[in-house]
Amino acid sequence: MSDFDAALARCGTFDEDVLARPWPWRGRQRDVRYALYRTLEDAQEAHVRASAGAHPESRRILALAQHAFGALRGLLAGLPGALLDKAPRAGEWSLRETLSHMLAVEQRYALQTRYAVDRTDEEPIRIPNARLPPTAPANVGGEVEAILARLAEARAETNRWLGDVAPAAMTRPTGWAGHDVDVRFRLHRFAPHVVEHTIQCEKTLLALGWHQTEGRRIARRLAAVVGEVEGLGAVADAREIEARLVERLASVGP
C-alpha cells in the first residue's frame, strides 16, 4: 500500500469527532476537516495549472477516466477484507467480481482502441478475438489494495498507449457493442465505465450495511482531483499533493 493509499484509508476512519480536532494552519487553529479541504484546495490549484497546458485531446479525455479512478480509490482504500467476497444479494456480483470485471474491460478497451489507431487500412476494423483477453476472467486475488494497484497499473498502461493520439486518428473507425463508432467514442468510454461500476460498488457496500464516513467522502473528492492532475501529465504535482496529505495527517495524531 502506498503512503497515499494509507492516508486515504485513514481518512476513511474519520468521523465528525476526529474531523473536529484542532489542526494548526498559518498560526491559527483550524480543524482536521479543514486539513482535508485545504489539501483539496491544493489539488484544485494544481489541476488549474495542469489543465492550462496544451494537451492532446486524447489525454484530456483519459484524464477524466483517471479522475473517476481516483474516486474509486478513495471509496475502497482501507476497506475491510471481509467485504470483498460478499454478494449483496443472490446472483449479484461481489466487490471482487466487480473489480475483476473493471480490470478486464480496462485492458480490453485499451487493446481495442490501440488497434483502431494503429491498424493499416488493409486490416479488419475489428480486432481479432485472439488478441483480446477473455471476457470473463478469473477473479483478481489479494486484498483491496492489491486489486486497486492492478487497476492503477492497467490505467497507467492505457494512458501510455493512448494519451497522445494524433488528431487525424481520433475519427478512425472502430466498433463498440455492435455499433460503428470511432476512436474518440471509444476513448470516452473509459471514464463512464469506471463511474458505472464505482456506483455499483457503492450500492453493494450499502446493501452490506457499510457506510462512508464524512472523512472518506472528502478524501474521495481529493483523490479524484489528484487523479485528474496525474492524468493530465502533472505527475510531480500529483505526488506533491499526496505527500501533503500524508504530512498533514501525521500532525493529527493517532
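Colleague: What should I know before we start?

Modeller: The model is predicted, so local features need pLDDT of at least 70 and side-chain atom pairs count only at pLDDT 80 or more, while totals for chains, interfaces and linings use all residues. Residues are numbered from 1 along each chain as its sequence is written, and side-chain values use heavy atoms, with hydrogens and water left out.

Colleague: Why is Leu249 called buried?

Modeller: Buried means under 20% relative accessible area, exposed over 50%, and partly exposed in between, with a 1.4 Å probe and protein chains only. Leu249 has 4% relative accessibility, so it counts as buried. Leu249 belongs to helix H9; helices are DSSP runs of H or I with at least four residues, numbered from the N terminus.

Colleague: And what makes Arg59 buried?

Modeller: Arg59 sits in helix H4, residues 57-76, and its 17% relative accessibility makes it count as buried. Beyond residues up to four places away in sequence, Arg59 touches Gly163, Asp164, Gly231 and Leu232. Contact here means heavy atoms within 4.5 Å.

Colleague: Which residues touch the most other members of the largest nonpolar core?

Modeller: Those are Leu8, Phe14, Leu36, Leu245 and Leu249, in a core of 33 residues. A nonpolar core is a set of buried Ala, Val, Leu, Ile, Met, Phe, Trp, Tyr and Cys residues joined through side-chain atoms within 4.5 Å. Helix H3 gives the most to this core, with 8 residues. Leaving aside neighbours within four places in sequence, Leu249 is in contact with Ala7, Arg10, Cys11, Phe14 and Leu36.

Colleague: How do you know that H4 and H6 are roughly antiparallel?

Modeller: Angles run from 0 to 180 degrees between N-to-C directions, and axes are lines fitted to C-alpha atoms, for helices over the stretch in contact. Under 35 degrees counts as roughly parallel, over 145 as roughly antiparallel, 65 to 115 as roughly perpendicular and the rest as oblique. H4 and helix H6 (residues 144-162) pack at about 175°, with axes 10 Å apart, and they are therefore roughly antiparallel. Among the residues making the contact are Leu62 and Phe69 of H4 and Leu148 and Leu151 of H6.

Conventions. Helices (H or I, at least four residues) and strands (E, at least two) are DSSP runs, numbered from the N terminus.
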